[in-house]
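This report describes the fold and the surface of a single protein chain. Please examine the sequence and the structure below before reading on.

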Amino acid sequence: MFTPKYPPQDTAPPTTDTTPTVHTPAPIQSAQIPTSAPVVPVSHRPTVQLTPGSALALAAGGGAVVLVVGAVLVSLLLAVAITGVSVAVVAVVLRLLIKDLHNHR
């Protein structure tokens, strides 16, 4: 359950041939220029290709997320503002009641 799961490696498995190979270098002539091809690593991971339809769906989904998050934040701000106004009204009413109580004694 808690053992890590690693993705498969992109390289080929090592060969099981253990016999040593002896290479004899070829004589290099002065006119011979060694050329080597660039090595490109081969990846077995699938590539992601965006079609115009999927790009449009991705943009629409991102826009929907922005709208939902904006609506939630605005509603939270509105709730804080309403709470603040109601606390202020209650404070004014309590102050008037206390003042009226002191005047009738």
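In this predicted model, Val65, Val68, Val69, Val72, Leu73 and Leu76 form a nonpolar surface patch of about 550 Å². One of these residues, Leu73, belongs to helix α1, which covers residues 52-103. Leu73 has a relative accessible area of 53% and is therefore exposed, since exposed means over 50%.

Which secondary structure elements does the chain have? The chain contains one helix and zero strands. Helix α1 consists of 52 residues, and the number of them that are buried is zero, so α1 lies largely in the open. The table lists the lengths that describe this helix.

| Span of α1 | Value |
|---|---|
| First C-alpha to last C-alpha | 76 Å |
| Expected at 1.5 Å a residue | 76 Å |

The span in the model is thus close to the expected one.

For the chain as a whole, buried residues make up 0% of the 105 residues. The accessible surface of the chain comes to about 10700 Å², and carbon and sulfur atoms account for 72% of this area.

Terms used: Residues numbered from 1 in each chain as written. Predicted model: local features only at pLDDT ≥ 70, side-chain atom pairs only at ≥ 80, totals over all residues. Heavy atoms only, no water. Patch = residues over 30% accessible without salt bridge, like charges linked within 9 Å, V, L, I, M, F, W, Y side chains within 5 Å. Areas by Shrake-Rupley, 256 points an atom, 1.4 Å probe, with all protein chains shown as cover. Salt bridge = Lys/Arg side-chain N within 4 Å of Asp/Glu carboxyl O. Helix = DSSP H or I, 4+ residues; strand = E, 2+ residues; numbered from the N terminus. Buried < 20%, exposed > 50% of the residue type's maximum accessible area, 1.4 Å probe, protein only. Expected span 1.5 Å × (residues − 1).
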